[in-house]
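This report describes a predicted model. Please look through the sequence and the structure below before reading on.

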Amino acid sequence: MTDREIISLINDSLIEEFELEESAMAPEAEIFADLGLDSLDIVDMVVVLESALKIKIRDDAGLREIRTLGDIHRFVIAKLGAPAAE
Amino acid sequence: MRYDYVVIGAGVSGISSALLLARFGRRVAILEQAARPAPLIGGFERDGVYYDGGFHYAGGLEKGGVLDCNLRLLGLAGELSRLELAKSGYDTVIQPESSFTFSFPQGYAALQTALSHKFPAQSAIIADYLEDLRAATRKLPYYHEAAPLSSLNLAEIHGQSLKQVLDKSGFAGDLRNLLEVHGLLYGARPEEIPFAIHAGVVDGYYRSAATFKGGGRALVKTLVKALDRSGVDLFCRHQVSEIVLSPAGKIAGVNCADGRCLQASGCIATLHPQAMLKLLPDTVLRPVYRRRLNGLAETPSADIVFMRCELKRGSAPGVRGELERGSTSGLCGARRGRGGLVKPAGEKACRRHKFAGRNFFFLPPRGEVLLDFKLPQDKRLLYLNFSAANATEICGLTAILPALSGVDEKTGGSDAYAERKAYIGELVRQRIANLLPEIGAKLTVAGVATGKTLKRINLSPKGSLYGVKHKVGQFNPVPKTRLENFFLAGQAIAAPGVLGAITSALMTVGEIVGHEKIQALRHEVICDDE
């Protein structure tokens with residue numbers, strides 16, 4: 001999967017699951033302020049990303065640093081690029 | 001009457017939540033669908049004999065233990081009598097085919113000694129493992145005082161499973177079975193259960209295993225008395241049919257199935273997460289959240305056989321004498337009769353049957369998966385609870401035969417169902433009679449509960465023992481929801497059992513009044529004791 005495909009898969013999943021507007025999905029969009037998610041949505045976001053991309057997100061600290069949609073893209077791309085744990 | 005909070009469900013988590021909220025000045029009502037509070041752990045009486053339903057024994061009830069502290073935090077100090085189970089063997093594990101037997105003695109030190117004695121080659125890994133177990137509990141919120149209170153802890157959710165921990169140390173065979181057998185207390189297999197949750201459940205038992213004088217019924221009575229003192233209103237036979245929202249989308253109260261309604265500005269739902277979803281309009285919680293909750297895995301179901309056991313006074317040896325010798329091999333029948341030589345340790349002990357204060361786990365044949373509930377019923381793991389039987393002549397025993405959840409949905413009409421119940425009752429009675437011949441002739445089946453019964457009492461959609469499972473990689477709900485002043489509590493949030501239920505109440509009320517206040521109160525309670 002290219003980075004572009006990954007980004008589009010992430011955006012599509014979030015649009016569908018969180019009922020977001022496609023036009024709002026700019027990389028600089030802040031997930032809380034602009035996309036209207038709240039801290040409680042983070043768990044569901046993790047579940048959505050895990051199932052869409054078949055990954056396991058164990059990185060608590062990395063997740064907490066996420067502010068924008070672009071951060072999510074980078075976080076997931078890094079995760080997919082890193083050698084699988086175990 | 002307008003309440004600050006209405007709590008849905010008068011189980012242990014609901015009552016505990018209400019008691020804590022009242023302690024922080026909130027006006028609280030609890031609505032319970034059943035005719036009485038906590039119908040599961042309250043057990044039942046039949047022909048003058050009491051049977052424990054959902055409560056069998058507990059860990060951490062010793063002075064300063066985790067459950068002891070939490071019960072005192074609820075304001076129940078000094079109201080319950082603790083009965084310690086058999087000192088040298090509260091849980092006896094028997095593998096009938098191989099005659100393998102092991103009894104779990106009270107306390108970590110004794111357990112480590114007993115395990116090392118039985119498995120000398122493994123004594124080093126046993127010591128390390130027990131230390132790892134204790135260390136894991138120090139990270140659990142509201143278990144250990146210093147544990148962090150973060151509600152989102154991915155490391156734990158995706159952390160190591162019990163299986164991974166046991167594999168790493170190379171545990172195998174009978175020893176491994178002993179370390180896995182308590183999985184029955186939370187209903188998940190070793191590869192599923194996060195090691196931290198496993199540790200949080202078994203640590204208390206490994207420290208000390210006890211029951212309450214009067215069993216689960218006594219606990220419920222004490223909790224209800226405390227509700228009364230705290231000014232909490234308890235309404236039984238009130239089945240909540242919907243949570244009512246104001247035009248602004250805030251909690252306004254609840255409606256009951258019979259048309260009654262109750263005004264409240266907040267709500268704690270303690271029922272099964274999937275049953276909770278049905279009480280709110282679809283638009284309130286996000287579809288993705290609803291889907292997550294609807295997709296949560298369930299714990300297994302079980303057939304539970306209640307047996308009346310007629311023991312003659314003085315026919316059995318004193319419990320202390322028998323236990324002091326540390327012998328359990330007689331339980332399989334090999335040393336029957338020798339117990340009579342043991343001098344009873346006083347009148348009370350003399351009247352107690354030698355099995356009193358002991359539970360039994362009968363394992364499947366070697367080579368079978370310990371917690372495989374697809375095994376034939378005569379080979380499957382079977383648990384017998386003798387812990388409450390400090391009685392003299394007649395006592396009520398509970399045997400649990402775990403089963404796959406959802407099985408009863410296929411059973412036909414009422415005749416077929418009654419037939420199935422009678423069959424299971426007799427099968428379990430015979431299995432126990434064969435395994436423990438000393439009491440075999442004294443057992444009669446008094447009642448059988450199935451997945452269908454559990455479905456009715458627990459309101460778990462598939463008749464599961466503990467509702468939602470705790471599983472590596474599965475995100476169980478947290479207390480807080482997107483709906484303002486709407487919270488969840490119950491075993492799905494923290495862990496199963498009385499301890500899990502109270503812990504969930506602490507987590508949930510902590511979200512409402514502030515965790516630091518609950519922590520301070522807990523600290524005060526612990527310090528009071530010292």
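## Aromatic pairs and a cluster in chain B

Tyr90(B), Phe102(B), Phe104(B), Tyr108(B) and Tyr206(B) form one aromatic cluster, where rings of Phe, Tyr and Trp (for Trp, its six-membered ring) pair if their centres lie within 6.5 Å, with planes under 30 degrees apart counting as stacked, over 60 as edge-to-face and the rest as tilted. A search of the whole structure finds 18 aromatic pairs over all chains. A pair of aromatic rings is described by the distance of the centres and the angle of the planes.

The rings of Phe55(B) and Phe212(B) have centres 5.3 Å apart and planes at 25°, so this pair is stacked. Phe55(B) lies in the loop between β4 (49-51) and β5 (58-59) of chain B, while Phe212(B) belongs to strand β9 (residues 209-212) of chain B, so the pair ties together parts that are 157 residues apart in sequence; helices (H or I, at least four residues) and strands (E, at least two) are DSSP runs numbered from the N terminus. Phe55(B) is buried, with a relative accessible area of 2%, and Phe212(B) is buried, with a relative accessible area of 2%, where buried means under 20% relative accessible area, exposed over 50% and partly exposed in between (1.4 Å probe, protein chains only). Phe102(B) is buried at a relative accessible area of 4%, and Phe104(B) is buried at 0%.

## The contact between the two chains

In this model, 18 residues of chain B are in contact with 22 residues of chain A, contact meaning heavy atoms within 4.5 Å. The area buried between chain B and chain A is about 1700 Å², of which carbon and sulfur atoms give 54%; buried area is the accessible area (1.4 Å probe) that two parts lose on being put together, summed over both.

There are 5 salt bridges between chain B and chain A, a salt bridge being a side-chain nitrogen of Lys or Arg within 4 Å of a carboxyl oxygen of Asp or Glu. The side chains of Arg286(B) and Asp41(A) meet in a salt bridge, at 3.0 Å from N to O. On the side of chain B that touches chain A, α5 (154-157) and α11 (287-294) of chain B each supply at least two residues, and α11(B) gives the most, with 5 residues. By class, that side of chain B has 8 nonpolar, 5 polar and 5 charged residues, with Ala, Val, Leu, Ile, Met, Phe, Trp, Tyr, Cys and Pro counted as nonpolar, Asp, Glu, Lys and Arg as charged, and the others, Gly among them, as polar.

## Two helices of chain B

In α11(B), Val288(B), Tyr289(B), Arg290(B), Arg292(B) and Leu293(B) are buried. The cover over the buried residues of α11(B) includes α1 (3-18) and α2 (41-53) of chain A, together with α10 (273-277) and β19 (486-488) of chain B.

Helix α2 (residues 66-73) of chain B is mostly covered, with 8 of its 8 residues buried; among them are Asp68(B) and Arg72(B). Helix α2(B) is followed by Gly75(B), whose phi is positive, near 90°.

## Two buried loop residues

Thr299(B) lies in the loop between α11 and β14 (301-310) of chain B and is buried, with a relative accessible area of 0%. A polar atom of the Thr299(B) side chain lies 3.0 Å from the backbone nitrogen of Tyr466(B), and a polar atom of that side chain lies 2.8 Å from the backbone oxygen of Gly467(B). Not counting residues up to four places away in sequence, Thr299(B) touches residues including Tyr186(B), Ser405(B), Tyr466(B) and Lys469(B).

Ser161(B) is found in the loop between α5 and α6 (162-169) of chain B and counts as buried at 4% relative accessibility. Leaving aside its neighbours within four places in sequence, Ser161(B) is in contact with Pro190(B), Glu191(B), Ile193(B), Pro194(B), Phe195(B) and Val472(B).

## Chain A

The secondary structure of chain A comes to 4 helices and 0 strands. Of the 86 residues of chain A, 44% count as buried.

## Conventions

Residues are numbered from 1 along each chain as its sequence is written, while chains are lettered from A and ligands numbered from 1 in the order in which they are written. In this predicted model, local features need pLDDT of at least 70 and side-chain atom pairs count only at pLDDT 80 or more, whereas totals for chains, interfaces and linings use all residues, and side-chain values use heavy atoms, with hydrogens and water left out.

Definitions and conventions:
Polar contact = N/O pair within 3.5 Å; in protein donor to acceptor, adjacent residues only side chain to side chain.
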